[in-house]
Amino acid sequence: MDFITFENVDREYKIGGSVIKAVDDISFSLSSGTLNVVLGQSGAGKTTLLNLLGGMDSPTSGKIVVNGKEISGMSEYDLTEYRRSQIGFVFQFYNLVPNLTALENVQLAEEICPDTLGAEEMLKRVGLENRINNFPSQLSGGEQQRVSIARALAKNPQIVLCDEPTGALDSETGRKVLRLIRDVSKDLGKTVIIVTHNAPISEMADTVLHMRDGKIAKVQFNEHPKDVEEIAW
Amino acid sequence: MVKGALFIKSLRDIKKSKSQFISIFVMATLAVFIMTGLDSIWYTVEKHSNNMYQATNLSDMWVTVANPSEQQMWGIGKIEGVELVEKRFTANADTDLPGRPTLQVYALDGPGTLDQPSLQKGKFGKSGGAVLDSKFAEAHNLKIGDYISIKLNGIWVRLQIDGTALISEHVFAVKNSAAITPNHSDFGFIIIRTNALESIYGQKIYNQISVKTAPDVDLTSVVQEAAAFVGDNLIGITLQKDSGSVSSVNSRIQQFKTLSLVFPVLFLLVTALITQSTMVRMVENQRPQIGILKALGYSKGSILWHYTSYGVIVGVLGSILGLLTGPNILGRIMIYQLNLTMEAYSIKINYLNFLFVLIIILICTGGVSFFACRQLLNDSPSVLLRDKMPKSGKRVFLEKIPSVWQKMKFSSKLIARNMIKNKGRLIMSTIGVMGCTGLIISAFTVRSTLSEIGDYTYGTTFTFEQKIILDTAKTNSKYLKNLDLDGITQQIEESAIQVIFPDGVQKMEPISITTKESPLIHLQSIDGTPVYLPENGVLLTRKLCRERGINKGDVIGIKLTGKGYVYVPVAEIAYVASGQGIYMTDTYWESLGETFKPTSLMVKWNSQPDMKFLESDIVADLATRESMQEGLSSSLGVVNFAVMFLIVIGASLAFVVLYNTGVLNFVERTRDLATFRVLGFHHEEIRYLVLVENYFSLFLGMLSGIPVGRFMSWIIASSIDERLDLLGNISLRDVLISGAMTIFFSFIVNRIIADKMKEIDIFEALKSVE
């Protein structure tokens, strides 16, 4: 059974007088435990798709089913609960709380989740055991992104959503971060969706959704996803 | 136009942070509104009353003496510094009007120049006729040409009203010590010529010497010399500043002078604090822009002025609005509440003080802005243009106590760190809440002390049912004692007596002489224990003792009728809320060689009042305890207005600071809060994170507001009326009500902020680097 299903999903925005379709009649499905990449130029609707899946936005029409539950049409409160228990987010700009240390940033996510993986444990997994008491301003970009990954995974979510996770990093650091995302989620059996405009990244995915103008132009299945080290950009 | 572009930038920046700048504007406006408003009140009263004193040629002192002789007049005229001496007659008279109001009669000589009426209508003939109090005439609907009958020396005289007037001695005149505010239908004045007295007394008579002195003369020595010259015939000397109306007016002037200094302080402080937090944040956010301006070649000075101008523009605009509204709204409303009878009420503005407060406002706004951006200017453009310095987290002292810190919840840790980071904001909102609670406490305290004073005076001190004012010519103490009325009675003689105090001051003070056994007057000390009239010596009221620096055991001189001074010990001190002065027993008074001549009989009837007695001709007037208590509390109208005013400005203080702290707290942290939303925090949980700081300052502010309220209550209470001894003690009830109101205000503010918080656009907030 498909873990994530989009059925004729539309998302319209009204800007001024005109209506813009950010996501236009999208249907696809993804299975559990896979690594997926949504690829497209900026403005193609990738982030909207991610937001819809992450429960940060609701579709104008259509049906989204995650893990057997329909999340399209959920109330604001239920969506929050859904984000809390099912979703882990990794952002381009990390979005760590500057007032909290690395450990505390991870604990922040843990605080509201019932079944967590342990903040210190996760930081160890991302290789930051020596920096857990540092504030974000004392960490490099790559380190901050690793904290962010630890924060996303510590909640023990079903799905990890990454919005341009390497966008603010140099290629070497980016590669390390990608490998971390892949390794950890594979170990923990998480479904990962990475949104990027960076085509080579898609080579590491099980499934690639090519987006253009709010539509899915092509769905590509990689029989043999490449190793991160083999990818060059 | 280089300056033009920068100016447009300031206006747009101000528009962008409009809620903060509106707050600064509101605070500056309120500070100037209150300051110039309160200032205009005393300034207007002072100007108008002084003009009136000058125009009517008000005497500087009055020497009361039975039948002043030519020799006494000549002698006083010779004292150094005395410019003019005249004589007049003054007494209180009954009238035939409904409600039996009292008129104070002034009989002046035709050629006299001192203490003249300021005619409003009609004329005042040189040799006859009468001029009536224009307010009294209005209250009784009397017109020029009408007749009025007054009773002097037991004889009714019919007088035709030739004119209506105002006089300096009745700007604020009350009938007796029981009345707090003037009642024009119950008490007024009438001025006649001395030859009208011939038909009553058989000749022209006088009882006061009016004295005009040169300015800057030492009045104490003039009083001493005059007293010495008049000798045993002296009844008393009253200085202009001690006379009823003038001293009441002066105490109001003083009251508003004090208030106009105390109240704006809070608002100025909050103005400075809001400006500080706004400008520090703006300058920090505009780091790169400052870099650009510097790179473009703008001088340090012009950039500094650019940022200083934000505060200056808002401060000046607020001050102007405050100046336009303060005197015209606050001043205009309050000045009528004072119940003064003056020629004109046109509001006068004390521009000197406005200039003073404007400078302070400019320091609080412009000065604070200047310091906020001065630091950044020393950096070079390249440093400024580089990425914003990352905001660093700071550890708080609590972390040094791991046992506490580790037990704390994350949200609590976050809140603690955030509060320490924004100390200035925390102080600002705490001070705002403190001011709010303090103002409301003082409002309620003043209100309850004033209403309690009625209960205390006519519930605890006086317990009579009726106070019968006697016709002293037709009765005496012995007669009253043998009346055998069906009830408890107590005789009392109330008048004024010339006193020499230990500090050398000589003046007339009210005196009450009553029987040792006192079933209807129960004096108490400040702590509530009963105080009895001493066998030997006199009792003074607490407030009088304080004013003159008298302690128990000190000796004061009192002037006996037709004799010199006798020195008597102050044997007791009692707290009397309304009606300050000297109390003694009839036996002690008679042991000094005087006669006890009761002026009133207080009665508590066993059953029905004895109508036969009440209708007898020894009864001149009658007052019930209820009516006297009502008269005392009628002044509460003013107080209700003041209470409203204090609550409104207190609330505005709390609103502005809490709104500001709340809004800044989430505007600055939109990104963090959006992250929380993404992580799955509910609105309520995020609201708690943002608003708990407000609750913290609410709590701190309310606690520190209690002593502030105590202090302000004390200041207001002690300046309300010189005849009232108000303690201004805060009660638990008033504190709780004030606290509840403060909490209510903060609740409203928090609701507004919570609604605003829901509007955060999480994607927008997360998309961009700040």
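**View 1. Trp74(B), an exposed residue in a helix of chain B.** Trp74(B) is exposed, because 11 other C-beta atoms lie within 10 Å of its own, where a residue is called buried if 20 or more other C-beta atoms lie within 10 Å of its own, exposed if 12 or fewer, and partly exposed in between, with C-beta atoms placed from the backbone. Trp74(B) is found in helix H3 (residues 70–78) of chain B; helices (H or I, at least four residues) and strands (E, at least two) are DSSP runs, numbered from the N terminus. Between Trp74(B) and Met35(B) there are 39 residues in sequence and 49 Å in space, C-alpha to C-alpha. The model is predicted, and local features need pLDDT of at least 70, side-chain atom pairs count only at pLDDT 80 or more, while totals for chains, interfaces and linings use all residues. Residues are numbered from 1 along each chain as its sequence is written, and chains are lettered from A and ligands numbered from 1 in the order in which they are written.

**View 2. Ile192(B), a buried residue in a strand of chain B.** Ile192(B) belongs to strand S8 (residues 187–193) of chain B, and it counts as buried because it has 23 C-beta neighbours inside 10 Å. When residues up to four places away in sequence are left out, Ile192(B) touches Val105(B), Ala107(B), Ala130(B) and Leu159(B), a contact being a pair of residues whose C-beta atoms, placed from the backbone, lie within 7 Å. Ile192(B) and Val65(B) are 127 residues apart in sequence, and their C-alpha atoms are 20 Å apart in space.

**View 3. Helices H22(B) and H23(B), packed in a right-handed crossing.** Helix H22 (residues 683–719) and helix H23 (residues 732–757) of chain B pack at an angle of about 155°, with their axes 10 Å apart; axes are lines fitted to C-alpha atoms, for helices over the stretch in contact, and angles run from 0 to 180 degrees between N-to-C directions. H22(B) and H23(B) are therefore roughly antiparallel to each other, given that angles under 35 degrees count as roughly parallel, over 145 as roughly antiparallel, 65 to 115 as roughly perpendicular and the rest as oblique. A crossing is left-handed if the near helix is turned anticlockwise from the far one by less than a right angle, and right-handed if clockwise. Residues of H22(B) including Ile686(B), Leu698(B) and Gly709(B) meet residues of H23(B) including Val735(B), Ile743(B) and Met757(B). The residues of this contact divide into 11 nonpolar, seven polar and one charged, where Ala, Val, Leu, Ile, Met, Phe, Trp, Tyr, Cys and Pro count as nonpolar, Asp, Glu, Lys and Arg as charged, and the others, Gly among them, as polar.

**View 4. Helices H14(B) and H23(B), an oblique pair.** Helix H14 (residues 423–461) of chain B packs with H23(B) at an angle of about 140°, and the two axes are 9 Å apart. That angle makes H14(B) oblique to H23(B), and H14(B) passes H23(B) in a right-handed crossing. Among the residues that meet here are Val433(B), Ile440(B) and Phe444(B) in H14(B), together with Asp734(B), Met741(B) and Phe745(B) in H23(B). By class, the contact of H14(B) with H23(B) has nine nonpolar, six polar and one charged residues.

**View 5. The side of chain A that touches chain B.** In this region, 23 residues of chain A are in contact with 22 residues of chain B. The elements that give two or more residues to this side of chain A are helix H2 (76–86) and helix H3 (102–111) of chain A, and the largest share, five residues, comes from H3(A). By class, this side of chain A has 12 nonpolar, seven polar and four charged residues.

**View 6. Asn95(A) and Asn339(B), two residues with a positive phi.** Most residues other than glycine have a negative phi. Asn95(A) has a positive phi of about 50° although it is not a glycine, and it is found in the loop between strand S6 (87–90) and H3 of chain A. Asn95(A) is buried, because 24 other C-beta atoms lie within 10 Å. Asn339(B), also not a glycine, has a positive phi of about 65° and is found in the loop between helix H9 (300–337) and helix H10 (351–374) of chain B. Asn339(B) is partly exposed, because 19 other C-beta atoms lie within 10 Å.

Note on methods:
Two residues are in contact if their C-beta atoms, placed from the backbone, lie within 7 Å.
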